[in-house]
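I keep these entries as a record of what I looked up. They follow the order in which I went through the structure.

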Amino acid sequence: MKEKIIRVLKIEPKKPPVEAELKNELSSLQEAVGGLIEFLPLDSSKGIELMCNEEGKLIGLEPNRRVGSDVIVGTFYVLKCNYEGECCSLTEEDIAEYKKRFAYPEHISQEEAEATIFFGFEGF
């Protein structure tokens, strides 16, 4: 059953993570990231996802954190997704783990963020 309100971590540029609650419906999730939603896997075995603005780099949102070889821009959220693709609340253990992982704001230039824009074309 789909949760109406989900517990997530909100991570803003230059700030430590904070626990937050989001209304679990498309319009509220889009409002939270300020546009179209993109989900990126953080830990597939646990269903942990990062939710951010899909067009953030193209519209010049402020660089936030490095994740692997990518730079995430703008405010993003850490949450869970179940096997049906529905957004779900983080557990206390998840919150502790990801608060620690993203605890320290990073100083990332706009140029470094823009350098991580990738365009892919299928079939080429």
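**Aromatic pairs.** I searched this predicted model for pairs of aromatic rings and got a count of two. I wrote the three residues Phe-76, Tyr-98 and Phe-102 down as a cluster linked by ring pairs.

**Nonpolar cores.** Next I looked up the largest nonpolar core, which has 14 residues. Leu-42, Leu-50, Phe-76, Val-78, Tyr-98 and Phe-102 touch the most other members. Strands E1 (5-11), E4 (48-53) and E7 (76-81) and helix H2 (92-101) are the elements that give two or more residues to this core. Which element gives the most? I found that E4 does, with three residues. Apart from this core I noted another one, of 12 residues, including Ile-6, Val-33, Ile-37 and Leu-79.

I also listed the contacts of Leu-42, leaving out residues up to four places away in sequence. Leu-42 touches Ile-48, Glu-49, Leu-50, Val-67, Val-78, Tyr-98, Arg-101 and Phe-102.

**Salt bridges.** My search of the whole structure gave 10 salt bridges. One of them joins Glu-92 to Arg-7, with the closest N and O atoms 2.9 Å apart. Glu-92 is in helix H2 and Arg-7 in strand E1, so I recorded a link between distant parts of the chain, 85 residues apart. The relative accessible area is 49% for Glu-92, which makes this residue partly exposed. Arg-7 is partly exposed too, at 25%.

I stayed with Arg-7 and checked Glu-19. The two residues are 12 apart in sequence, and their C-alpha atoms are 7.0 Å apart. Their side chains are joined by a polar contact of 3.2 Å. Which residues are linked with Arg-7 in a network of salt bridges? I have Glu-19, Glu-92 and Lys-99 down for that network. Leaving out residues up to four places away in sequence, Arg-7 also touches others, among them Ala-20, Cys-88, Leu-90 and Ile-95.

Another salt bridge runs between Glu-12 and Lys-15, with the closest N and O atoms 3.7 Å apart. Glu-12 counts as partly exposed at 23% relative accessibility, and Lys-15 is partly exposed at 41%.

I then looked up Lys-57 and Asp-70, whose salt bridge has its closest N and O atoms 2.5 Å apart. Lys-57 lies in the loop between E4 and E5 and Asp-70 in strand E6, so the pair ties together parts 13 residues apart in sequence. Lys-57 has a relative accessible area of 19%; buried means under 20%, so Lys-57 is buried.

**Strands E5 and E6.** My last entry is on a hairpin. E5 (residues 63-67) and E6 (residues 70-73) pair in the antiparallel sense over four bridges. Pro-63 stands opposite Val-73. Two residues lie between the strands, and Gly-68 takes a positive phi near 60°. I noted E5 as mostly covered, with four of its five residues buried.

Terms used:
Residues are numbered from 1 along each chain as its sequence is written. This is a predicted model: local features need pLDDT of at least 70, side-chain atom pairs count only at pLDDT 80 or more; totals for chains, interfaces and linings use all residues. Side-chain values use heavy atoms; hydrogens and water are left out. A nonpolar core is a set of buried Ala, Val, Leu, Ile, Met, Phe, Trp, Tyr and Cys residues joined through side-chain atoms within 4.5 Å. Buried means under 20% relative accessible area, exposed over 50%, partly exposed in between (1.4 Å probe, protein chains only). Contact means heavy atoms within 4.5 Å. Two strands pair if DSSP finds at least two bridges between them. A polar contact is a pair of N or O atoms within 3.5 Å; within protein, one must be able to donate a hydrogen and the other to accept it, and residues adjacent in sequence count only if both atoms are side-chain atoms. Rings of Phe, Tyr and Trp (its six-membered ring) pair if their centres lie within 6.5 Å; planes under 30 degrees apart count as stacked, over 60 as edge-to-face and the rest as tilted. A salt bridge is a side-chain nitrogen of Lys or Arg within 4 Å of a carboxyl oxygen of Asp or Glu.
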